Amino acid sequence: MKIGPYPTGRFKTYLEKNSAAFRDLIYQCQISTRYFDVGEAILRQGEELQHLYVVPVGRVSMSILAANGRRFQLGEANCDYHIYGEMEYFTQSPCQWSVIADEHMQVDVICIQTLTEKLQQQPEMMVFFASALAEDYQDSMAIYTNRLLHPITYNIAYDLLIRSQTHTLLGGFDRVNQEAERFGTSGRVYRRAVKELIERGLITKTENGLEITDERALKAFIDANE
């Protein structure tokens with residue numbers, strides 16, 4: 001979740017009005033600053049949560065690994081004062097996802113004991129967490145259900161269309177294997193699906209990654225596979 005309020009939602013006006021107070025509350029709980037190198041875990045799946053972390057700027061990726069060795073990548077996020085560990089903080093459970101620094105970055109460390117005391121003193125600040133977690137939950141569920149209910153060609157096409165039309169928090173990867181994991185499949189299956197979309201004349205492969213060739217035809221393909 002972001003410290004700053006999301007641009008939509010029922011409590012948008014209230015959140016905007018009180019955003020400075022919420023930011024102050026979070027940083028009243030800061031105990032240190034850490035630096036993470038590329039590939040270093042900010043949070044590691046299965047470990048107990050010790051602190052919350054605020055990433056002012058930088059790219060991180062989130063993934064979960066199954067016992068059979070298969071990995072699902074949620075995607076890469078460009079941070080703008082994003083908080084990590086907030087879900088585990090409220091559920092008091094081990095970290096569900098690994099959060100990895102994709103570049104060298106500075107991270108602000110937040111004491112969870114102090115934060116708990118502050119929130120008990122100012123329970124109205126809970127609405128910031130509730131609103132942000134609801135937004136993130138809906139975005140995540142949209143990703144999961146699409147992956148589950150549609151074929152990979154649809155998911156790749158839909159992902160490209162959405163990212164071309166709107167600013168999305170979670171982006172893709174440059175590496176094929178990571179992109180395959182983002183769609184919950186193997187590199188071989190991912191390449192085959194991309195090849196099919198290219199042969200249909202819907203997308204093309206460039207130095208900057210996959211790009212839409214014919215947006216109208218791509219929309220028609222998506223609609224036909226809904």
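These legends describe close-up views of one predicted model. Residues are numbered from 1 along each chain as its sequence is written. Local features need pLDDT of at least 70, side-chain atom pairs count only at pLDDT 80 or more, totals for chains, interfaces and linings use all residues, and side-chain values use heavy atoms, with hydrogens and water left out.

**View 1. The largest cavity and its lining.** The structure holds one cavity of 30 Å³ or more. A cavity is a set of points, on a 1 Å grid over the protein atoms alone, where a 1.4 Å probe fits but cannot get out; lining residues have an atom within 4 Å of a point. About 40 Å³ of space lies inside. Volume here is the space filled by probe spheres set on the points, which are joined across faces, edges and corners. Among the lining residues are Met1, Lys2, Ile3, Leu15, Phe22 and Phe128. Helix H1 (12–27) and helix H4 (126–149) are the elements that give two or more residues to this lining. H4 gives the largest share, three residues. Helices (H or I, at least four residues) and strands (E, at least two) are DSSP runs, numbered from the N terminus. By class, the lining has eight nonpolar, two polar and one charged residues.

**View 2. Helix H5 and its packing.** H5 covers residues 152–165, 14 residues in total. From first C-alpha to last, H5 reaches 20 Å, close to the 20 Å expected at 1.5 Å a residue. The expected span is 1.5 Å times one less than the number of residues. Buried residues (under 20% relative accessible area, 1.4 Å probe, protein chains only) of H5 include Ile152, Tyr154, Ile156 and Leu160. The buried residues of H5 pack against H4, helix H6 (176–182), helix H7 (187–199), S8, S9 and helix H8 (215–224). Contact means heavy atoms within 4.5 Å.

**View 3. The S8–S9 hairpin.** Strand S8 (residues 203–206) and strand S9 (residues 209–212) pair in the antiparallel sense over four bridges. Strands pair if DSSP finds at least two bridges between them. Ile203 has Ile212 of S9 as its bridge partner. Two residues join the strands in a hairpin.

**View 4. The second largest pocket.** A pocket is an open set with protein on both sides within 12 Å along at least five of seven lines. This one holds about 440 Å³ of space. Its lining has 22 residues; Phe173, Asp174, Tyr190, Gly209 and Leu210 lie nearest the centre. H5, H6, H7 and S9 each give two or more residues to the lining. The largest share, five residues, comes from H7.

Key:
Ala, Val, Leu, Ile, Met, Phe, Trp, Tyr, Cys and Pro count as nonpolar, Asp, Glu, Lys and Arg as charged, and the others, Gly among them, as polar. Buried means under 20% relative accessible area, exposed over 50%, partly exposed in between (1.4 Å probe, protein chains only).
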